[in-house]
Amino acid sequence: MVNAIHRGAAITALPALGVGFSYMTEVPGEFYDTSLIDFVEVTPETLCREIHRAGKQQIIPVPEQLAVVQSLAERFPLVLHGVQLSIGSVHGWNQAYLRMLDQIKRVLPFLWHSEHLSYQTIADEQGHVRETGIALPLPATREVANMVSQRCRSLLNRYDLPFLLENPAHYFPAVAHESGSDEFRLMNQICDASGCGMLLDLHNLYCNAYNHGFDAWQAVQSLNLSKVVEIHVSGGRLQDGYWTDAHEGRVPEPVWRLLEQTLPRCPNIAGVLFEVFPDYAPRLGLSAIREELSCLRHLWQRYARGHIDDTDKFGAYDYG
Ligand SMILES: [Fe+2]
C-alpha cells in the first residue's frame, strides 16, 4: 500500500524524555549538562551552508558542524526542528530541505523531526519561487488539509520516524483564519488523517490568543491532545500592541499556567523545551536560562504523563 505508514513513525512508541534545549553555538558546550537537560533539539539548517547554483538552492551539511552535534548525540537523545520546508506551499515544498535531511539522517541519530504548519514561499506568475519574508498561516480548507496530510504521510514513509507539525504564531488572521478555532481544526484534521504528531507551541498559541482575541485554554482544549509529542515554551515582547513570538526572554506567567494545565492531558508527551533565539541567549544569560529549564523540569516531574491536578486555581486566570 503506497500510503502505509511505517511502524517506526508511530508517536505512541516514543520514550518520555523530559526537558530539552536547543543546540546553539552561542551557548557554551558545558551548559549541555545531563543534570539540567534530557534531550537536545537541533535545527538542521544551522549545521549547513546554503548556496544557489543556476537558480537552484542547495543546503549542504558542514562536516565540522555535524561533528559537534554527533558528539552531543553520545550524551543526549536528539530531535530535529526544521524551518525551511514550507510544507504548505501550493507550488511545492522545499526539495533542497528534503535532500539536506536525507544526508543528515544518514549520519545523525534523531528520534523525531518537526516543522511549522505554515508556508513561506509562493510562485510568481512566471513560476519563480519567492520568499514571503515571514511564515504565513494556511487557510483551513479541505484542499489544504488534504495537501499537507499527503506530504506528512510522505515524510513518515521517507524517514520512518515520527514527524510533528508545530502551530505557528501569526499576525494576519485575515490571510487564513476567520476565527481562532480554524487553525486548531486544521491541525487536528491533518494529524488525524496523516498519522503525524503535534508540536504544541504554547507561546505561539498564547500570542495568537492575545493578538486575535480568543481564549487560549479553550483553544488548547479544542486540540486532540493525544497527538501532542512535544511542547515548546518561550518568551516574547509587546510591540505596537501585538504580543510577538520574539523568543527573547523568560516564559510569561500565563504560558506557565497553560503548561501546567496542558501537560497532564497529553498522554503521549515525550518532551518539553524552552526556546530562545541564539542572538538573545547571551543577553538573557545562562543563569536565567537555567532557571527556566529548572522550572520546566519541576513541571515535567509533577505533571507529565497523567497527573492532573484539578484542584487548581485555573478558572480565575484571564488568558485572553
Ligand atoms: Fe516553537
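Two strands pair if DSSP finds at least two bridges between them, and helices (H or I, at least four residues) and strands (E, at least two) are DSSP runs, numbered from the N terminus. Hello everyone, with that in hand we can start at a hairpin.

In the hairpin of strand 7 and strand 8 there are 5 residues between the strands, and G127 takes a positive phi near 85° there. Strand 7 covers residues 119-123 and strand 8 covers residues 129-136; they pair in the antiparallel sense over 4 bridges.

Before I go on, a word on the model. This is a predicted model, where local features need pLDDT of at least 70, side-chain atom pairs count only at pLDDT 80 or more, and totals for chains, interfaces and linings use all residues. Residues are numbered from 1 along each chain as its sequence is written. By pLDDT I mean the predictor's confidence in each residue, from 0 to 100. The chain has a mean pLDDT of 91, and 91% of its residues reach 70 or more. Over residues 311-317, though, the pLDDT is below 50, and this stretch has 4 contacts in the model beyond near neighbours in sequence. A contact here is two residues whose C-beta atoms, placed from the backbone, lie within 7 Å.

Now to the barrel. How many strands does the closed barrel have, and in which order do they run? There are 8 strands, running 1-2-5-6-9-10-11-14, with parallel pairing. Neighbouring strands of this sheet are turned by 25° against each other on average, direction ignored. For that angle, axes are lines fitted to C-alpha atoms, for helices over the stretch in contact, and angles run from 0 to 180 degrees between N-to-C directions.

Let's look at strand 1. Strand 1 pairs with strand 14 in the parallel sense over 4 bridges, and with strand 2 (residues 39-42), again parallel, over 3 bridges. F21 is a handy landmark: F21 stands opposite F274 in strand 14, and its bridge partner in strand 2 is V40. Strand 1 is mostly covered, with 4 of its 5 residues buried. Buried means that 20 or more other C-beta atoms lie within 10 Å of a residue's own, exposed means 12 or fewer, and partly exposed is in between, with C-beta atoms placed from the backbone.

Next, helix 10, residues 286-303. With 18 residues at 1.5 Å a residue, helix 10 should span 26 Å, and its end C-alpha atoms are 25 Å apart, which agrees. The expected span is 1.5 Å times one less than the number of residues. Which residues of helix 10 are buried? They are E292, L293, L296, W300 and Y303. Seen down the axis of helix 10, these buried residues fall within an arc of 110°, so they line one face of the helix. The arc is that of the directions from the helix axis to the C-beta atoms. That buried side packs against strand 1 (18-22), helix 8 (253-262) and strand 14 (271-275). On the face turned away from it sit the exposed residues S287, H298, Q301 and R302. After helix 10 comes R305, with a positive phi near 55°.

Helix 3, residues 142-159, also has 18 residues, and reaches 26 Å from its first C-alpha to its last, close to the 26 Å expected. Among its buried residues are V148, L155, L156 and Y159. D160 follows helix 3, in the loop between helix 3 and strand 9.

Most residues other than glycine have a negative phi. D160 has a positive phi of about 55° although it is not a glycine. Is D160 buried, exposed or partly exposed? D160 is partly exposed, because 13 other C-beta atoms lie within 10 Å. H247, in the loop between strand 13 and helix 8, also has a positive phi, near 55°. With 22 C-beta neighbours inside 10 Å, H247 counts as buried.

Y171 lies between strand 9 (163-166) and helix 4 (173-176), and touches N211 and Y242, not counting residues up to four places away in sequence. G241, in the loop between strand 12 (237-239) and strand 13 (242-244), is exposed, with 7 other C-beta atoms within 10 Å.
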